[in-house]
Amino acid sequence: MRLRRKLRRPRNRKVAVGLVILVALVVIAIVGPVLVSALLGQSAERLHAGGPLEPPSGRHWLGTTTAGEDVLAQLVTGTRTSLLVGLTGGAISTTLAVLLGVISGYSTGKAGALLTAFVNIFLVIPGLPLLIIIASYTQGRGGWIMVALIIGLTSWPGGARVKRAQTLSLRNRDFVQAARYAGESKVRIVLLEVAPHLAPLIASTFLFAVVGSIAAEAGLNFIGAGNPNTVSWGTMLFWAQSQGALLSGAWWWFAPPGLCIALIGTAAGLINFGVDELSDPRLRARGQKTSRKAGRATAAIAEAS
Amino acid sequence: MSSTEAILEAVAVTKRIPLHGRDRGRVVHALNGVDLTLRRGQILALVGESGSGKSTLARLLALGDLPTGGEIRFAGKPIRRADRRAHFGRVQMVLQDPFSSLNNLHRVRYILSRPLRNFGRTPAADLERRVLDLLERVNLTPADDFIDKYPHELSGGQRQRIAIARALAAEPAVLLGDEPVSMLDVSIRLDILNLLAELRNRDGLAMLYITHDIASARYFADEISVMYAGHIVETGPVEQVTQDPKHPYTKLLLAASPDPDRPTASSGSDDLDDLDEEDLAEPPNLLAEPTGCPFAHRCPHATPTCSTEAPPTHTFTTGHWTRCWLYP
């Protein structure tokens, strides 16, 4: 019953739309490559599957590249790579941000000050140049995991700073004081009194870290700092640009990966509308009531007209 | 009255709070050599203006913070930092604002079961029954209706009862109330005070009742201590202090609070005739090193000695004393 309540359909329409887009992309990433090769007989790596730069047709739904590769097959395979990089990079970055932010915010004295200094130093190191330097050093070795790792390890400081600020404001609230008097241990106070109040922040940090990682991966590949032999949204854009797809009017090559990146950003933004409910039981209850009331109101209007 | 056993004492407690930022290097003299004694089965009211150190003193008594000088004694033994956990089990605090002292993410069941587990080592099987007992002790009945509620589903008075129940869960010997009723509606203040008095009578709790409301202190407490700028200026049985205040600050404080029973409250009170309101509005400077009587700059009876030498303690009857140069 508890699980049912957690899995219920979100009431907020924006959140619902965002979730649908996200789930659709995840499903494509999981089954897309298999489906495309089974139904259409196409794979991302096969050269000369068709003629160069064919526009969309029944055989190549999204046309072909200059090397005659099937764009649809590349897109679904690229979705898998890009989402993997996004989720892994986002998870690494969010975990580091929460750990360092909450601990540096909650602990006082030398340890807290040291940790804060560490976060601040990382905060002023410009992320993108650092990312480019490390990525050009690894030169695409290690595949997508390496890319995700590099992105995750360089993108946490901003999030950590936000968590720290929020923890600082929470640590002196009365209920934290009261928990201390109630004999709670430090670890328990952090995990069960303070951290749940950070849930919306953590959720939105994660969402945007995922999008940020996907964009960073695309950016890296686009400027050629990635491994051009992997297939991802970024490498598709890289090849489309270097082969002059825009000049030859081959919109089917660069538009789909670009739209996909825009789509996942939109989905994250929409889902973010719902995260406030995570840490406020009152919002959950109120939401139920208002939607019921709204339902009744529409029924009444329908009856009257 | 003072024959009753002392349970929690502050002995010559001093607290200095260092400032940060622009005022770095300066300190706030929050408490200056404060003595206070809580006795089993008795309620001590602590009154004084905002910033006089009432809450700081309560926090030190609860060991939420450590004194800079002096010591806190429980049953005659000084308490150190290492005893903190055990001290929390014996001395509990009820905070002022029930809207911020309960974590709104937890149900009543969780809030009350935590101290039961931490201090009482209550086995999991007994938890529910103990939580229901606690709810009944603070008159939240039927207890079954309240156990699964979130704080936002409760009124201010109900929330404060939960906060009191949480403090009682540790089975403390002392309850420290930092203005426990000031955030509540006037209509339910009396309920909460009666509840606290009942707990005192039944369980023999010692209580500290911090308040701005002298009328409720008189109704509720046995003894009263008056604080000014981190000093206790007068202590005594509540009737004696409110009917026959000795310290000029106590007189001023009583004159400022309406009480139909007190004849001296009228504006024609001879003692306060010569008060110039303009001069007296100035708050004490807590940043300066305390010398002499803290009230000297506002006192209508001030003499040059007052601002240079600390006034002696003068005892009138048993348990009623003040620190003032007026009483040699």
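This briefing describes the secondary structure, packing and chain contacts of a two-chain model.

The model is predicted; local features require pLDDT of at least 70 and side-chain atom pairs count only at pLDDT 80 or more, while totals for chains, interfaces and linings use all residues. Residues are numbered from 1 along each chain as its sequence is written, and chains are lettered from A and ligands numbered from 1 in the order in which they are written. Helices (H or I, at least four residues) and strands (E, at least two) are DSSP runs numbered from the N terminus.

- An unreviewed UniProt entry places the feature "transmembrane region" at residues 83–106, 113–137, 143–162, 198–223 and 251–275 of chain A; UniProt positions follow the numbering used here, feature names are shortened, and annotations may be inferred rather than shown by experiment.
- Residues 143–162 of chain A are 90% helix and 0% strand, with end C-alpha atoms 31 Å apart.
- For residues 198–223 of chain A, the end C-alpha atoms lie 36 Å apart, and the chain is 96% helix and 0% strand.
- Helix α3 (residues 71–106) and helix α7 (residues 157–171) of chain A have axes that come within 7 Å and cross at roughly 35°; axes are lines fitted to C-alpha atoms, for helices over the stretch in contact, and angles run from 0 to 180 degrees between N-to-C directions.
- The contact between these helices includes Ala97(A), Leu100(A) and Gly101(A) of α3(A), and Ala160(A), Lys163(A) and Leu168(A) of α7(A); two residues are in contact if their C-beta atoms, placed from the backbone, lie within 7 Å.
- The residues of the contact of α3(A) with α7(A) comprise nine nonpolar, seven polar and four charged; Ala, Val, Leu, Ile, Met, Phe, Trp, Tyr, Cys and Pro count as nonpolar, Asp, Glu, Lys and Arg as charged, and the others, Gly among them, as polar.

**Chain B: the eight-stranded sheet**

- An open sheet of eight strands in chain B has the order β6-β7-β8-β3-β9-β10-β12-β11, with mixed pairing; two strands pair if DSSP finds at least two bridges between them.
- Strands β6 (91–94) and β11 (313–317) of chain B are at the edges, each with a single partner strand, so one side of each has no neighbour in the sheet.
- From one strand to the next, the twist averages 20°.
- Helix α6 (residues 156–169) of chain B packs on the sheet, touching β6 and β7 (174–178) of chain B, and its direction makes about 170° with that of β6(B).
- Strands β10 (residues 231–237) and β12 (residues 320–323) of chain B run antiparallel and are joined by two bridges, and Thr235(B) has Trp321(B) as its bridge partner in β12(B).

**Chain B: β1, β4 and β5**

- Strands β1 (residues 6–18) and β4 (residues 69–74) of chain B pair in the antiparallel sense over five bridges; Val11(B) has Glu71(B) as its bridge partner in β4(B).
- Strand β4(B) also runs antiparallel to β5 (residues 77–78) of chain B, to which two bridges join it, and Phe74(B) stands opposite Lys77(B).
- β4(B) and β5(B) form a hairpin with two residues between them, and Ala75(B) in the turn has a positive phi of about 50°.

**Contact between the chains**

- Chain B contributes 23 residues in contact with 15 residues of chain A.
- On the side of chain B that touches chain A, the elements giving two or more residues are α2 (84–90), β6 and α3 (108–120) of chain B; α3(B) gives the most, with four residues.
- This side of chain B has 10 nonpolar, nine polar and four charged residues.
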